[in-house]
Amino acid sequence: MEKERKEEIHKFADFAEETTLDGEKRKLSEILNQEIVVTGQIITHSTKNSGECLKLQYRMNDKLYVIFTGSQVLIKQIKKYADQIPFVTTIKQVGMYYSFT
């Protein structure tokens, strides 16, 4: 007699790699020189040019926000320190580019 096999059901959240970042959209210029808590990030291909785009989720004043930027310096920094999220930082404009400080 053959044993009846139970079909295992998986939860999407257990295997899905793509995540979404919730929050009110803001402009990078609106948060310069202000302390934020970075809570998430996704790097994708930019829809505006041939480079990459960073979608950065952060908390400020107990509210979640997101910004989008093609800043190569911020992208390089977030790739290097992504395993440290969440972290407190300030984004500053240094000459022609932006940087976490």
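1. A nonpolar core is here a set of buried Ala, Val, Leu, Ile, Met, Phe, Trp, Tyr and Cys residues joined through side-chain atoms within 4.5 Å, where buried means under 20% relative accessible area with a 1.4 Å probe, protein chains only. The model is predicted, with local features needing pLDDT of at least 70, side-chain atom pairs counting only at pLDDT 80 or more, and totals for chains, interfaces and linings using all residues. Residues are numbered from 1 along each chain as its sequence is written, and side-chain values use heavy atoms, without hydrogens and water.

2. The largest nonpolar core has 17 residues, and Ile31, Leu56 and Ile91 have the most contacts inside it. Two or more residues come from each of E2, E3, E4, H2 and E5; E3 gives the largest share, four residues. Helices (H or I, at least four residues) and strands (E, at least two) are DSSP runs, numbered from the N terminus.

3. Six strands form an open sheet of mixed pairing, in the order E1-E4-E3-E2-E5-E6. Strands E1 (24–25) and E6 (97–100) are the edges, each pairing on one side only. Pairing requires at least two bridges found by DSSP between two strands.

4. Strand E5 (residues 87–94) pairs with E6 in the antiparallel sense over four bridges. The two form a hairpin with two residues between them, and Gly95 in the turn has a positive phi of about 65 degrees. Lys92 stands opposite Ser99, and Gln93 opposite Tyr98.

5. Ile91 touches residues including Ile31, Leu56, Leu74, Tyr98 and Phe100, leaving aside residues up to four places away in sequence; contact means heavy atoms within 4.5 Å.

Key:
Buried < 20%, exposed > 50% of the residue type's maximum accessible area, 1.4 Å probe, protein only.
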